[in-house]
Amino acid sequence: MSVQARIEEKLATLEPVEMTVENESHMHHVPPDSETHFKVTLVSERFAGLMPVKRHQLIYSLLADELAGPVHALALHLYTPQQWSTRGGVRPDSPHCRGGGGQ
């Protein structure tokens, strides 16, 4: 199973109404087909009442094995359904990595 698939499987336990896991490794200076840099956009009622740091800690605990191993960077965009609606279903773009672009 790919790293991305494992991440998606674990995050599905949060019963998301919207979830996107993007492998952004190609934007960084890593070998082709790497799975080291990910961007997660996740919308769940489970985030209601949680401050952003608590949301992040929840994700970090679910993905502890991946963060201890193959995943080098994880960008998190975590919203309640109301917050997501207020944003118009838009999350920030990732910045370009200095020296990135893969090999």
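**The aromatic pair and its setting**

Modeller: In this predicted model, Tyr79 and Trp84 are both buried, each having under 20% relative accessible area. The structure holds 1 aromatic pair, and Tyr79 and Trp84 are the two residues that form it, with 5.3 Å from centre to centre and 35° between the planes of their rings. The pair counts as tilted, because stacked rings would need planes under 30 degrees apart and edge-to-face rings would need over 60.

Turning from the pair to the chain around it, 33% of the 103 residues of the protein chain count as buried, and Tyr79 and Trp84 are buried as well. The protein chain has 4 helices and 3 strands, and, read from the N terminus, these elements follow the order α-β-β-α-α-β-α. With a radius of gyration of 14 Å, close to the 13 Å that the globule rule gives for 103 residues, the protein chain is therefore as compact as a globular protein of that length. Its C-alpha atoms fill a box of roughly 40 × 25 × 20 Å along the principal axes. Among contacts in the protein chain with a separation of 6 or more, 65% come from residues 24 or more positions apart.

Definitions and conventions: Residues numbered from 1 in each chain as written. Predicted model: local features only at pLDDT ≥ 70, side-chain atom pairs only at ≥ 80, totals over all residues. Heavy atoms only, no water. Phe/Tyr/Trp six-rings, centres within 6.5 Å; stacked < 30°, edge-to-face > 60°. Buried < 20%, exposed > 50% of the residue type's maximum accessible area, 1.4 Å probe, protein only. Helix = DSSP H or I, 4+ residues; strand = E, 2+ residues; numbered from the N terminus. Rg over C-alpha atoms; globule rule 2.2 N^0.38 Å. Contact = heavy atoms within 4.5 Å.
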